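We will go stop by stop.

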Amino acid sequence: MTGPDALGLDRRLRELEDKEALRGLLVRGWRALDRKDWHAWAACWAEDGVLEFGPWGTTYGREAIRATVEEAESALPGMQHHILNLHVEVDGDRASGIGYMWFVAVTRPGGESSPSSMGGAYAWEFRRDPDCGWLLVRQRLGVAWTSGGDALGPPGDR
């Protein structure tokens, strides 16, 4: 195929590849959270990343984001982070995304326990880095509901 149709096909293919790479970034990062692999999770963020999460306020910078989340979630022995209804839009080397969070934490993984859970809306901003590929630049997360106790109070409050 040559001519204008080929250019359109190349553009659409690049957009599909970018969208899949963004989904992969989020899945890889959130699975790292569940394994408590804080460094793998932090590697999904740009150095100048911003995390906005109601109970924790706003955190600036990759290392501060990693430290905040590690402190808050280290006390939870078993976690599952779910991203639902994910939608991303790509605009060149920038992208945005939305989705829903469903988070579940248990006190006795593999044993009988009462889970704590919460849900809310995600909004993400991404930037393509020439060396690392897509990175998270900003994440806003609001808590719409909780169940079974406070799984994620502010760091240091448990």
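How many bridges join strand 4 to strand 5, and do the two run parallel or antiparallel? Select residues 94–106 for strand 4 and residues 116–129 for strand 5. They run antiparallel, joined by 12 bridges. Helices (H or I, at least four residues) and strands (E, at least two) are DSSP runs, numbered from the N terminus.

A word on what is on screen: this is a predicted model, where local features need pLDDT of at least 70, side-chain atom pairs count only at pLDDT 80 or more, and totals for chains, interfaces and linings use all residues. Residues are numbered from 1 along each chain as its sequence is written, and side-chain values use heavy atoms, with hydrogens and water left out.

**The sheet**

Stay on this pair of strands. Ala105 stands opposite Ser116 in strand 5. Now show the whole sheet. It is open, with 6 strands in the order 2-1-6-5-4-3 and mixed pairing. Two strands pair if DSSP finds at least two bridges between them. Select strand 2 (57–60) and strand 3 (78–91): these are the edges, each with a single partner strand, so one side of each has no neighbour in the sheet. On average, neighbouring strands are turned by 15 degrees against each other, direction ignored. Axes here are lines fitted to C-alpha atoms, for helices over the stretch in contact, and angles run from 0 to 180 degrees between N-to-C directions.

**Helix 3**

Select residues 62–73. This is helix 3, which lies across strand 1 (45–53), strand 2, strand 3, strand 4 and strand 6 (133–147). It runs at about 45 degrees to strand 1. Contact means heavy atoms within 4.5 Å.

**The aromatic rings**

How many aromatic pairs does a search of the whole structure find? The search finds 7. Rings of Phe, Tyr and Trp (its six-membered ring) pair if their centres lie within 6.5 Å; planes under 30 degrees apart count as stacked, over 60 as edge-to-face and the rest as tilted.

Select Trp30 and Trp41. They sit edge-to-face, 6.3 Å centre to centre, with 70 degrees between the planes. Trp30 is in helix 1 (residues 4–35) and Trp41 in helix 2 (residues 38–42), 11 residues apart.

Tyr122 is buried, as is Trp30.

**Trp134**

Move to Trp134 in strand 6. Is Trp134 buried or exposed? It is buried, with a relative accessible area of 7%. Its contacts beyond four places in sequence include Asp18, Leu22, Val90, Arg94 and Phe126. Leu22 is 112 residues away in sequence, yet 6.6 Å away in space, C-alpha to C-alpha.

**Ser117**

Back to strand 5 for Ser117. Ser117 is buried, at 13% relative accessibility. Beyond four places in sequence, Ser117 touches Trp102, Phe103, Val104, Trp145, Thr146 and Ser147.

Last, select Cys44 and Cys132. Cys44 is buried at 2% relative accessible area, whereas Cys132 is exposed at 54%. The disulfide count is 0, a disulfide being a pair of cysteine sulfur atoms within 2.5 Å.

How values were computed
Buried < 20%, exposed > 50% of the residue type's maximum accessible area, 1.4 Å probe, protein only.
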